[in-house]
Amino acid sequence: MAVGLPEFADNPENRCPVILLLDTSGSMYGEPINALNRGISTFKEDVIKDTQASLSVELAIITFGDTVKLAQDFITVDEFNPPKLEASGVTPMGEAMEKALILLETRKRVYKENGIGYYRPWIFLITDGAPTDNWQIPAEMVREAEAQKRCLFFTVAVEGADMDKLKQIAPSDRPPVVLNGLDFRALFQWLSTSMKRVSGGKVGEAVALPPVGWGQISI
Amino acid sequence: MKKWKTIVKCAVGVSHQQQNLPCQDYGDYFIFKERCLLGAVADGAGSAKYSDIGSKIAVNTAISFLKAYFDELIEKKRLFPQIPRQNTPNINQAQNLYSDLLKEVLKAINEEAQRLNCSYQDLACTLIIFFALPNSITAMQIGDGFLAVRPVDGDLQLLFTPDKGEYINETTFITSSNAFEEMQVKVLEKPCSFICASTDGLEKVAINFKDWQPFPPFFNPLEEYMKETVETHEDDQYIIDFLNSERLNARTNDDKTLLLALLTELN
């Protein structure tokens, strides 16, 4: 008999996987990266208040700057210690998107092997720039994943982002959202509230998400 | 003579209490001519506005439909005793019977939607319905939840695999466009001594998701309770306490329904 992984024996809750795909290129240096770090901490602090959500929401972080890096592999929020992200380098967004999609499908396989139920994963791309690598093929992969309901892909543009390219990356029915200034706190609070709703039992296909108070949907 | 001893209870989930939502589960049963047990449970979709009403209508209409079916069967037997008729249908007859039942349920849902001036999707729910005779059980399931039975000569088994999409919160509702295609029907021609029908609120603690087998430590105490209890209407505190226990609520925050039945030898 296959032996289950301890993380699932200790915590058999259904999982809500979330991948943060974060731009840590040089342009994020200074206040932007600090605000982003504080935002991630806000997310942890907020989710942890809800026992169910803290055992269900699983976070992974991929950063793209100097290199594309798995800064945090999937971990439930109760165990998560926010890393301190630093900004430098260029913007290999394409490679990061590809890595995120692979990471996600690998994780789903682990869930299945361990008999763990899961919700549709969310990928959150946050950037203030434009991809410096080949992004067209990864963008197609993202749109295909979204169309096949393999994930929900959100695109958040921080001031300075190349909106033309982001519109080509984001799935057509979920266009990029422009963040108000550097209000990452509001963004992560929204993400936390949304995750609590998703993990709060069976809700059918349509989860009513809280209104987006942290940015504007640009069409 | 063998008779059915039965109990049904619903409890509101913790998350529904927090959000001030009503209990959207519903379950009921009817014992026809002492020997035939008709049972149904339904789970209203969390995202549907009036799904608590939808689940009640689905259960009540489904049971009434089966009552009428058996009334008619008895009448036919009386009028035409020379034509042999089986109480237990074959699988094709069962499929037709449950398709007709679903049409009837959807008609009732539609009428209620018009009365409430809402979309019939607002009344979305899952449905499990069965009738158990002393020597067989004929059942139908749309969506998730489970129906576990113990044939007298065998181990507890799930009659259906809960209908889940890839994601844990995806299922089919009776109002879904693919409800007729996704409807699962089964005829088990074996006497079953114990039956447990439930909504998905208890799936996590009752079923091993790795192989979709029932988890005996969940079912055994319930079966034991049914054996020991003489009068389920009076002595139901055990089930109520179980459904509201903190230990259970730590594992599930959804509404929970239990319909239990035991075939006993009564004088």
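This is a predicted model: local features need pLDDT of at least 70, side-chain atom pairs count only at pLDDT 80 or more; totals for chains, interfaces and linings use all residues.
**Chain B sheets and a ring pair in chain A**

V149(B) sits across from Q157(B), a residue of strand 7 of chain B. Strand 7 of chain B runs antiparallel to strand 6 (residues 146-151) of chain B, with 2 bridges between them.

**Strand 3 and its two partners**

- How many of the 8 residues of strand 3 (residues 36-43) of chain B are buried? The count is 8 of the 8, so the strand is largely enclosed by the rest of the structure.
- Both faces of strand 3 of chain B are covered: C36(B), L38(B), A40(B) and A42(B) point one way, L37(B), G39(B), V41(B) and D43(B) point the other way, and all are buried.
- On one pairing, strand 2 (residues 25-32) of chain B runs antiparallel to strand 3 of chain B and is joined to it by 8 bridges. Here G27(B) has V41(B) as its bridge partner.
- Strands 2 and 3 of chain B make a hairpin with 3 residues between the strands, and K33(B) takes a positive phi near 50° there.
- Strand 3 of chain B also pairs with strand 4 (residues 127-133) of chain B, again in the antiparallel sense, over 5 bridges. V41(B) turns up here as well, opposite I128(B) of strand 4.

**Chain B as a whole**

- Chain B holds 8 helices and 12 strands.
- Its radius of gyration is 18 Å, close to the 18 Å that the globule rule gives for 267 residues, so chain B is as compact as a globular protein of that length.
- The C-alpha trace of chain B spans about 60 × 45 × 35 Å along its principal axes.
- Buried residues make up 56% of the 267 in chain B.
- Take the contacts in chain B between residues at least 6 apart in sequence: 73% of them join residues at least 24 apart.
- Chain B exposes about 12000 Å², with carbon and sulfur atoms supplying 47% of that.

**Aromatic rings**

- Across all chains, a search of the whole structure turns up 17 aromatic pairs.
- One of them is the stacked pair of F124(A) and F154(A), 5.0 Å centre to centre with 15° between the planes.
- F124(A) lies in strand 4 (residues 122-127) of chain A and F154(A) in strand 5 (residues 152-157) of chain A, so the pair ties together parts that are 30 residues apart in sequence.
- Are F124(A) and F154(A) buried or exposed? Both F124(A) and F154(A) are buried.
- Over in chain B, ring pairs link F30(B), F32(B), Y69(B), F70(B) and F131(B) into a cluster.

Notes
Residues are numbered from 1 along each chain as its sequence is written. Chains are lettered from A and ligands numbered from 1 in the order in which they are written. Side-chain values use heavy atoms; hydrogens and water are left out. Two strands pair if DSSP finds at least two bridges between them. Helices (H or I, at least four residues) and strands (E, at least two) are DSSP runs, numbered from the N terminus. The radius of gyration is taken over C-alpha atoms; the globule rule is 2.2 Å times the number of residues to the power 0.38. Buried means under 20% relative accessible area, exposed over 50%, partly exposed in between (1.4 Å probe, protein chains only). Contact means heavy atoms within 4.5 Å. Accessible areas come from the Shrake-Rupley method with a 1.4 Å probe; for residues, only the protein chains shown count as cover. Rings of Phe, Tyr and Trp (its six-membered ring) pair if their centres lie within 6.5 Å; planes under 30 degrees apart count as stacked, over 60 as edge-to-face and the rest as tilted.
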